[in-house]
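Keep the sequence and the 3D view open while reading.

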Amino acid sequence: MGTLPMVDGMPVMLTQNLDVNNGAVNGARGTLVHVRYEIVNNERVATSCVVHIPSYTGPTLPGLEPGQVAVTSNTVDVLLTH
């Protein structure tokens with residue numbers, strides 16, 4: 001299977017509810033503003049991105065513009081001890 005290039009300005013759609021009360025919901029369409037990467041085993045791995053969603057009415061995070069939403073990966077490391 002190939003990879004999907006992520007290019008600033010491309011149209012995107014949220015696939016999870018991030019902030020239901022303010023419009024960052026599953027199916028909301030927007031524009032990719034920026035992608036942040038890490039290098040893992042000599043490969044770039046997307047860790048987060050900023051998406052502009054015109055219907056978003058929530059608070060603006062520091063460093064973002066109105067209507068922009070920070071989206072993080074949904075992978076969580078869990079350490080269980082007994």
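Which residues lie nearest the centre of the largest pocket? They are Met 6, Thr 15, Cys 49, Val 71 and Thr 72, among 21 residues that line the pocket. A pocket here is an open set of points on a 1 Å grid over the protein atoms alone, where a 1.4 Å probe fits, with protein on both sides within 12 Å along at least five of seven lines; lining residues have an atom within 4 Å of a point.

Some ground rules come next. This is a predicted model, in which local features need pLDDT of at least 70 and side-chain atom pairs count only at pLDDT 80 or more, while totals for chains, interfaces and linings use all residues. Residues are numbered from 1 along each chain as its sequence is written, and side-chain values use heavy atoms, leaving out hydrogens and water.

Back to the largest pocket. Its space comes to about 550 Å³. That volume is the space filled by probe spheres set on the grid points, which are joined across faces, edges and corners. The elements giving two or more residues to its lining are β1 (11-13), β2 (29-40), β3 (43-52) and β4 (68-72). Strands are DSSP runs of E, at least two residues long, and helices are runs of H or I of at least four, numbered from the N terminus. β3 supplies the largest share, five residues. By class, the lining holds 14 nonpolar, seven polar and no charged residues. Ala, Val, Leu, Ile, Met, Phe, Trp, Tyr, Cys and Pro count as nonpolar; Asp, Glu, Lys and Arg count as charged; the others, Gly among them, count as polar.

The second largest pocket holds about 170 Å³. Its lining consists of Thr 3, Leu 4, Pro 5, Met 6, Tyr 37, Glu 43, Arg 44, Val 45 and Ala 46. Here too β3 gives the most, with four residues. This lining splits into six nonpolar, one polar and two charged residues.

Now the fold. The protein has four strands and zero helices. The order from the N terminus is β-β-β-β. Along the principal axes, the C-alpha atoms fill a box of roughly 40 × 35 × 25 Å. Of the 82 residues, 22% are buried. Buried means under 20% relative accessible area, exposed means over 50%, and partly exposed lies in between (1.4 Å probe, protein chains only).

How do the strands pair? Pairing requires at least two DSSP bridges between two strands. β1 and β2 are antiparallel, with three bridges. Pro 11 faces Thr 31 of β2 across this pairing. β2 and β3 also run antiparallel, joined by nine bridges. There, Thr 31 stands opposite His 52, and His 34 has Val 50 as its bridge partner. Two residues separate the strands in the β2 and β3 hairpin, where Asn 41 takes a positive phi near 55°. Five bridges join β3 to β4, again antiparallel. Val 51 stands opposite Val 69 in that pairing.

Is Cys 49 buried or exposed? Cys 49 counts as buried because its relative accessibility is 15%. Contact means heavy atoms within 4.5 Å. Arg 36 is 13 residues from Cys 49 in sequence, yet their C-alpha atoms are 5.8 Å apart.

Gln 68 belongs to strand β4. Gln 68 is buried, since its relative accessible area is 11%. A polar atom of its side chain lies 2.9 Å from the backbone nitrogen of Glu 65. Not counting residues up to four places away in sequence, Gln 68 touches Val 33, Val 50, Val 51, His 52 and Tyr 56.

Gly 27 sits in the loop between β1 and β2. Gly 27 is partly exposed, because its relative accessible area is 35%. Beyond its neighbours within four places in sequence, Gly 27 contacts Met 13 and Leu 14. Glu 43 is 16 residues from Gly 27 along the chain, and their C-alpha atoms are separated by 29 Å.

Technical notes. A polar contact is a pair of N or O atoms within 3.5 Å; within protein, one must be able to donate a hydrogen and the other to accept it, and residues adjacent in sequence count only if both atoms are side-chain atoms.
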